[in-house]
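Please look over the entry below before reading on.

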Amino acid sequence: MAPDVFYPAAGTASKAHCSSMQQYRQMHARSLEQPEQFWGQIAEQFHWEAPTKGKFFEFNFDIRKGPVFVRWMHQASTNICYNLLDLNIKKGLGDKVAFYWEGNDPEDYTRVTYKKLLEQVCKFANVLKSHGVDKGDRVAIYMPMVLELVVTMLACSRIGAVHSIVFGGFSADSLAERMHDCKAKILVTADGVWRGDKLLLLKEICDTALEKCSGLGHNVERCVVVSHLSRLSNAHSQKAPGQKSAAHTTPFTPGRDLWWDDEMKAAATFCYPTWVDAEDPLFMLYTSGSTGKPKGVLHTTAGYLLYAATTFKYVFDYHPGDVYWCTADIGWITGHTYVVYGPLANGATSVIFEGTPFYPHNGRYWEVIEKYKVNLFYTAPTAIRALMKFGNDPVKKFDMRSLRVLGSVGEPINPEAWLWYYRLVGQNKCSIVDTFWQTETGGHVLTPLPGCTPMKPGSATFPFFGVKAELLDESGKVIEGPGEGYLVFSRPWPGIMRTLFGNHDRFESTYFKRFPGYYCTGDGARRDEDGYLWVTGRMDDMLNVSGHLLSTAEVESALVEHPDVAEAAVVSHPHPVKGECLYCFITPNEGAPFTTALVAELRKKVREKIGPFASPEVVQHAPGLPKTRSGKIMRRVLRKVALNERDVGDISTLADEAIVDILFNNRPAEASKLHKAC
């Protein structure tokens with residue numbers, strides 16, 4: 001193997017659930033060859049009100065043979081809330097902390113045990129029932145990272161309702177569109193939330209969304225509001241933008257709006273679980289669609305439970321007593337599976353964090369790790385790179401010795417960020433699990449395992465149990481051995497999506513039409529000589545430069561290796577000779593100037609790392625990048641900037657909309673010359 005391979009620490013390997021590559025290969029083979037026995041054994045850990053009847057597992061991925069479908073544990077019945085709470089309490093975990101809640105301000109924190117969480121869940125389940133919510137009804141949730149969000153999710157699952165969480169940074173239009181599409185019966189929200197020193201008035205956004213939803217033809221019957229701002233520390237008594245003070249008056253519509261606390265006072269603390277079929281819907285989560293209309297990804301009960309529980313256990317190598325922290329917002333799939341369902345299914349203790357990595361100082365993540373003695377930490381490359389630019393000192397101020405496993409999620413992590421994460425945060429002893437998966441997959445599909453997988457910085461390594469990954473060329477032919485192509489899967493695992501809500505035709509055409517017989521991820525990947533898989537990014541983020549297929553992620557990785565570069569984003573631009581060329585946006589580190597010398601060095605670095613054909617045509621200074629509030633770069637905006645097309649579409653989900661005009665005004669002369677030449 002290449003010298004840039006990092007092996008699991010001996011202490012981690014010796015105690016791991018999967019402690020050698022031989023064991024991994026045996027388990028992976030069994031999960032493919034004997035799926036009923038493999039997953040059936042895992043299912044024995046949980047409660048089933050009725051057993052599987054007929055086939056344990058059946059599917060069709062080939063649209064030429066009929067409708068695409070996936071079924072696991074046919075006609076078995078269970079309740080996921082019962083398995084996450086009641087069952088763990090029966091095992092003696094009632095007084096164990098389920099979640100430590102860490103607020104935006106360090107002075108705001110609390111905790112909840114499994115027993116207390118069940119009590120709160122039952123009470124809110126009864127609240128939902130009292131307002132007519134029944135099995136199969138949809139409940140929209142638009143909330144900050146507060147414990148009531150978890151309570152609402154589990155209350156829905158307890159009575160068989162389907163939750164549809166909309167990330168609390170989305171616009172009123174986006175919320176309205178999603179509520180209308182899923183025909184939500186009730187909306188649950190909060191009055192507002194502080195993100196760093198910025199106040200977001202969520203209820204006001206909800207009021208606009210409810211009005212817009214009504215205009216689309218659907219009326220949401222009730223809106224339950226958590227009074228969150230009133231209970232926060234005095235640290236937030238400062239004046240808020242556009243408000244006389246943080247203690248603003250929340251708009252309230254009698255007959256429709258209900259205060260959470262008022263509803264909970266009269267609710268009973270016991271709610272018998274509704275037993276649902278294995279394939280009954282658990283939740284839907286909207287993800288962006290290429291047509292502009294969001295896709296309502298639908299996940300079902302039994303398979304998702306098995307997969308969330310198993311991936312959490314093995315990918316983070318969870319053991320009783322570990323403290324786990326995933327920094328993702330629950331509004332995204334990572335928060336669903338690896339903040340709520342996966343950890344609770346394993347009886348784990350987790351941290352839920354409301355704030356940002358930079359408030360009130362740039363060492364907040366590391367401070368929280370020290371405070372709760374976190375063992376397993378899961379965050380995004382975007383956050384890692386953003387924190388890197390502040391240097392090593394903020395990390396060194398805090399005790400990181402409790403850490404054993406570090407996770408990465410959301411996009412391929414560039415090797416430089418991987419190494420910083422490994423060497424500084426992990427102190428050269430933590431396994432890094434660089435996970436690849438999607439909203440649609442429900443859980444990890446490519447990932448190292450902490451106790452056994454030799455790690456290559458930037459590689460998602462190998463498939464998880466039950467996952468059979470293939471690489472296909474443009475014609476759909478399987479690529480054997482080393483090579484690069486479309487990343488697809490030839491069979492389902494328990495946690496894969498079952499359909500798009502209300503639109504199975506779109507489900508089939510989006511994921512199964514391009515390559516019949518395969519689930520197409522839309523991502524490209526390459527396999528190296530050791531069999532490791534490297535996800536290269538969305539295939540629409542691939543470029544063909546003078547006949548060379550090139551991923552933007554690969555170029556970005558080379559650019560950020562420069563010591564003066566904090567972040568880089570690359571898009572394609574038409575070229576009169578090459579067909580396509582590279583247009584690069586560069587954010588320098590604090591205090592580092594953007595100069596012609598830097599541009600020359602960056603071009604040289606890309607030529608050296610990838611090849612002369614990959615030399616960037618345009619390198620533009622970007623004081624910031626257009627990012628959503630979850631930290632994801634909105635690349636379609638960058639493509640518009642590169643083409644000097646000011647009609648950028650909806651940018652309401654950007655953390656800072658002003659950056660768009662700054663980027664247009666910063667377009668260099670070479671960009672205009674290129675544009676004219678095309």
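## Cavities

There are 3 cavities of 30 Å³ or more. A cavity is a set of points, on a 1 Å grid over the protein atoms alone, where a 1.4 Å probe fits but cannot get out. Points are joined across faces, edges and corners, and a volume is the space filled by probe spheres set on them. The model is predicted: local features need pLDDT of at least 70, side-chain atom pairs count only at pLDDT 80 or more, and totals for chains, interfaces and linings use all residues. Residues are numbered from 1 along each chain as its sequence is written, and side-chain values use heavy atoms, without hydrogens and water.

The largest cavity holds about 60 Å³. Its lining residues (an atom within 4 Å of a point) are Asn79, Ile80, Ser157, Gly160, Ala161, Val276, Asp280, Pro281, Leu282 and Thr301. By class, 5 are nonpolar, 4 polar and 1 charged. Here Ala, Val, Leu, Ile, Met, Phe, Trp, Tyr, Cys and Pro count as nonpolar, Asp, Glu, Lys and Arg as charged, and the others, Gly among them, as polar.

## Second largest pocket

A pocket is an open set with protein on both sides within 12 Å along at least five of seven lines. Helices (H or I, at least four residues) and strands (E, at least two) are DSSP runs, numbered from the N terminus. The lining splits into 10 nonpolar, 3 polar and 8 charged residues.

## Asp257

Asp257 sits in strand E12 (residues 257-259). Is Asp257 buried or exposed? Asp257 is buried, because its relative accessible area is 3%; buried means under 20%, exposed over 50%, partly exposed in between (1.4 Å probe, protein chains only).

The Asp257 side chain makes polar contacts with the side chains of Lys203 (2.7 Å) and Arg256 (2.8 Å). A polar contact pairs N or O atoms within 3.5 Å; within protein, one must be able to donate a hydrogen and the other to accept it, and residues adjacent in sequence count only if both atoms are side-chain atoms.

## Helix H12

Helix H12 covers residues 364-372, and Arg364, Tyr365, Trp366, Val368, Ile369 and Tyr372 are buried there. Lys373 follows H12, with a positive phi near 55°.
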